[in-house]
2 protein chains.
Amino acid sequence: MSRNVYLDMISLEEAQDRLEARFGSRRIPPEKVSSAQAAGRVLAEPVFARASSPGYHASAMDGIAVLAEATYGASEGRPKTLIKGKTAFPVNTGHRLPDGCDAVIMIEAVNAVSDTEMVIESPAYPFQHVRKMGEDIVATELLFPTGHQLTPYCVGALVAAGMFEVAVYGAPRVLIIPTGSELVPLSDAKTAQPEPGRIFESNSHMLGAMVEKEGGIAVKNPIIRDEPEVIKARVREAAAEGFDAILLIGGSSAGSEDYARKVVTECGSLLFHGVTIMPGKPVLVGDVDEVPVFGMPGYPVSAIVAFEQCLSPLLASLSGRSFEPKATLAVTPSRKVASKLGVEEFLRVKLGQVGEAIVATPIAGGAGTLTSITEADGIIRIPTHVEGLSAGTEVPCELLRPASAIGRTLVAVGSHDNTLDLISDEIRRRSGKVRLSSSHVGSMGGIMALKRRVCHLAGIHLLDPTDGSYNLSYVDKYLPGRSLTLVNLVTRQQGLMVAKGNPKGITGIECLTRDGVSFVNRQAGSGTRILLDYRLKALGIDDKSIDGYTRDEYTHMSVAVAVLSGTADAGLGIHAAARALDLDFIPVVTEQYDLLIDNEFAGTPMVEEFLATIRSQRFKERVLALGGYSTETTGEVVATF
Amino acid sequence: MSRNVYLDMISLEEAQDRLEARFGSRRIPPEKVSSAQAAGRVLAEPVFARASSPGYHASAMDGIAVLAEATYGASEGRPKTLIKGKTAFPVNTGHRLPDGCDAVIMIEAVNAVSDTEMVIESPAYPFQHVRKMGEDIVATELLFPTGHQLTPYCVGALVAAGMFEVAVYGAPRVLIIPTGSELVPLSDAKTAQPEPGRIFESNSHMLGAMVEKEGGIAVKNPIIRDEPEVIKARVREAAAEGFDAILLIGGSSAGSEDYARKVVTECGSLLFHGVTIMPGKPVLVGDVDEVPVFGMPGYPVSAIVAFEQCLSPLLASLSGRSFEPKATLAVTPSRKVASKLGVEEFLRVKLGQVGEAIVATPIAGGAGTLTSITEADGIIRIPTHVEGLSAGTEVPCELLRPASAIGRTLVAVGSHDNTLDLISDEIRRRSGKVRLSSSHVGSMGGIMALKRRVCHLAGIHLLDPTDGSYNLSYVDKYLPGRSLTLVNLVTRQQGLMVAKGNPKGITGIECLTRDGVSFVNRQAGSGTRILLDYRLKALGIDDKSIDGYTRDEYTHMSVAVAVLSGTADAGLGIHAAARALDLDFIPVVTEQYDLLIDNEFAGTPMVEEFLATIRSQRFKERVLALGGYSTETTGEVVATF
């Protein structure tokens, strides 16, 4: 195996400096565009007004234009009469002042006593209610400097200033080349799921959308197999075709088929390979015939971070814009987070306002987990010299959504249930304002999140083995003295999920100890794990006798996937998960899944909308359609504390 | 004259509630788009994954795939040998695990002792370095809810989840109808300045760009003259053509030619006319055959406020998006601002970080002054029940530019000089990062702004009548004990600006007292006013003998405009202003225009870049090209305090 190594990993700052030094002064040649179409573009030249606005002294009111001098002396006791067409000229807002007039009296102050005579009871002063020529814009003055990004407002000012076209920087053209023999192009996608070992090529579409969001033009190259000579030929050709940047996706890390470095060094020169960021470490930048070539990591979150940190600033400077980092907000991590010294980590978090604090809940998942960023509301950057985050200590967070949206996010932390997805969808469909953000850490995790005041509510299904009751005794024990409301969400079936056709003939919990039967468990603290342990104890089964008892998954769906993919023969979970993946299901118990709501937030529009959603007929119908649920007590208050 | 009155002015909240109640649940019918093209669009249906990602257990490392069990027992003292193709299978990141394997050992931990034999010194645990099937996305799970606005990241997730197209809400089509007999369409613009009394129709282009920025499709109607029957016919027709909203520009206020209300009431029903906001008061909304019709004020800033407050939320809800208000920042007004009780005022301000505070400097100008918003960095909303702002008390400000850009803005307050425009342009051309924000309040205004610490620097040209020196004695007197640097910007000519050809034969200050000669003055506290008073005193002239002495303008250019438009025969000002408007110029004095910089900000990138700009050859050449300037000491330190 021939292998690359990151010989010279550099810091992000150094990487950005090298990019800026090599390409920062480059601009796309200007083009002329109609001012009406220029919003969003960046001026390549200063704009000086050609016309004044107003171009004449204009009435600022509806009323009569007069010569101020002719009105002097008018008072309540000694009104003055003006003659229409001689000393008084009716005007509307915006009309040019007739010659010889220098003031306007508003219509409310004029008493028309006949068709021609108008009486006033107070004088006008010169230029009263007059918009003077050039009051807004004076011809020859600078309207906007070079580098100004034109807004829709500017469009109005350009036209008013007699500037009907302007010179703006052109849009950068970026060629995106996906590489990799395992990739299936979208155009060849015949089924929803590609055959095992192959994947749909999605990065070029994602990065293309990112290029376009930055005002660039994305050109997508067909997929190239992992053959360095072919890739080299295409890169050389593309550099000659006048692209402003080339992205090679994949092949930038250190595997035996990672050719990006070889391609760049043999076609041009390498600026750097490897940056101390996570995700994004393998990013590589070179210069091929003066064209910047980026080796983008194949893991999507790595590619995103590398793009935003290295390519976005370049696209901004090529377009003449100043690069603006994301807006930040001070947030409080919901828990301690470890991170590696020497690496700047881009931690994806969900955000929500819980009481005074904006709470940040870290999202699990590595560089390959795209949903860790599609579900994120923000990114906490943990600097290289810091080992992690402490719970409860404010840190800055870069926002992926507007701060206002975060203020309207209901934060649920706790057990996983498929109906939470339905709530998330229904609540958005109903109001469009409230969002539900769920983190799945198990029922006890939800209880602890409420205890630490980092969520608005928790979804829990905690069986009390002493009396078979659900949830009540746990709230008493772990959240004494707190004001809470327990509302039922659903009653649901838990059971064993097994492969379609039940090839191992499993009939119940007692079968899990059989030779040749492997199990996949839920994490400690989850209601399902507590349920299993309760049943094992009742049946007198030692958990050590179950193959796979120590193998944890965090959601019903991941247990179902383990069974579907054949890495386990059985797992305990809800009917909805089995049905979603077309598994067989052996019912074990019916249990109660409740929502424990912190009364501090009772009556807020978020909680009200949430309750209205779960109490709606439409929601209940969607739940029943999933199978394995009963909604008889859905939305009812179970207890208040 | 037939006149409308705002019989039922309502609050903005009430106006928004009425709009929401009437049109808030309306959505543009969905359309299917390719996922690759879906960034920015809003989902009209929930998206459930069709494929899992990864779709198989995949290697998360470059290395060898193994069955974990087969590696148990390996240690440094007792290494294990694996056989390529039998117990060890080379894999790269992303590869499918071969059947029978459940773990990956990274290449760095493998010692290849021959072509076929590989030695390991520690065991693998099950699923070590494996991305399990469905780890990112599980088929059938909710990927994004209804109403989710898709980001470029989402594009990647959609493709990975086997969703190649999605149902998104269509874009609202908005018809924009400019009305007004004084309007000249852009297509007929033959000269930069329209003939007096007429104006270029710019509002439809500005509002069209605003519609498009909100994701709508703007259709521009030809200009319609102020004829109610014609306007009515077009509105009825357009409502039948399926537009989602109609904007009538102009004619919404209360003048004799303001037909919008008549049109709406006769074609449909009126929701409201008149909202207690300033600017924007005359806005009118009606319903014609179920289509919302907006009567937009003709003053551009009124139109902008009315659009953003009334139309933007509607366009958001039509497109299924939640409406996000502008981001806000706490700012400190630089001075007291009065406002009217009972009206919500939208005050346009310039922003800059001066020390710890974000200082907000109000911009002069009414609803007709478009530059009051193109130059603004933010808008302070003064609530209806508040009479104004106090200097120094923090208030929230809605941002028109990113907060990061505001942190890089150099705040200059003081006297006006045309070379400030050149600095503004040159500084952007050079670095693209630093912005110059200038407010023109006269030299003494600049000194006072420095005293109140609401600017970084002030442009001043203050003559000391006792010794003919410039600036020094004023700094000593008004800013004692402050650490400041005085840097020369230019030496410049001040003189009398008179009409081309000097028809009144003016030869100097002494001519200003002549009968039939009218003057336009600069405001008290400006260096030019001080200069004039000094000359008048020296010549023994009583200011009361000058016609127009009490008429103030705030900039050289507005004085020049007064002369150009014939409302004054002469004004004192700089050569550059006279030359810009092609006026004759009678030199009176050569004076020194300096920049007084607060040393608290010395050495910051902003001040350094500013000094480098004024010291550059290119800047000096541009200054000299204006005429009436000398740059011999430009950029030199005059004094330090």
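**The interface between chains A and B**

In this predicted model, 116 residues of chain A and 116 residues of chain B take part in the contact. On the chain A side, A:Pro152, A:Tyr153 and A:Arg428 give up the most area to chain B, and together they make up 8% of what that side buries. Interface size is often quoted as the accessible area lost when the parts come together. Here that comes to about 8,900 Å² between chain A and chain B, with carbon and sulfur atoms supplying 60% of it.

Then there are the polar links. The rule picks out 28 residue pairs in polar contact across the interface of chain A and chain B, both partners being at pLDDT 80 or more. Salt bridges across this interface number 4. Take the pairing of A:Lys132 with B:Glu553, a salt bridge whose closest N and O atoms sit 2.6 Å apart. As for where the chain A side comes from, helix α2 (residues 152-160) of chain A provides the largest share of what touches chain B, with 8 residues. Sorted by type, the residues on that side of chain A split into 51 nonpolar, 35 polar and 30 charged.

How far does the predictor back all this? For the complex, it reports an ipTM of 0.92 and a pTM of 0.93. Chain A has an average pLDDT of 92, and 98% of its residues score at least 70.

Conventions: Residues numbered from 1 in each chain as written. Chains lettered and ligands numbered in written order. Predicted model: local features only at pLDDT ≥ 70, side-chain atom pairs only at ≥ 80, totals over all residues. Heavy atoms only, no water. pLDDT = per-residue confidence, 0-100. Contact = heavy atoms within 4.5 Å. Buried area = accessible area lost by both parts, 1.4 Å probe. Salt bridge = Lys/Arg side-chain N within 4 Å of Asp/Glu carboxyl O. Polar contact = N/O pair within 3.5 Å; in protein donor to acceptor, adjacent residues only side chain to side chain. Helix = DSSP H or I, 4+ residues; strand = E, 2+ residues; numbered from the N terminus. Nonpolar A, V, L, I, M, F, W, Y, C, P; charged D, E, K, R; others polar.
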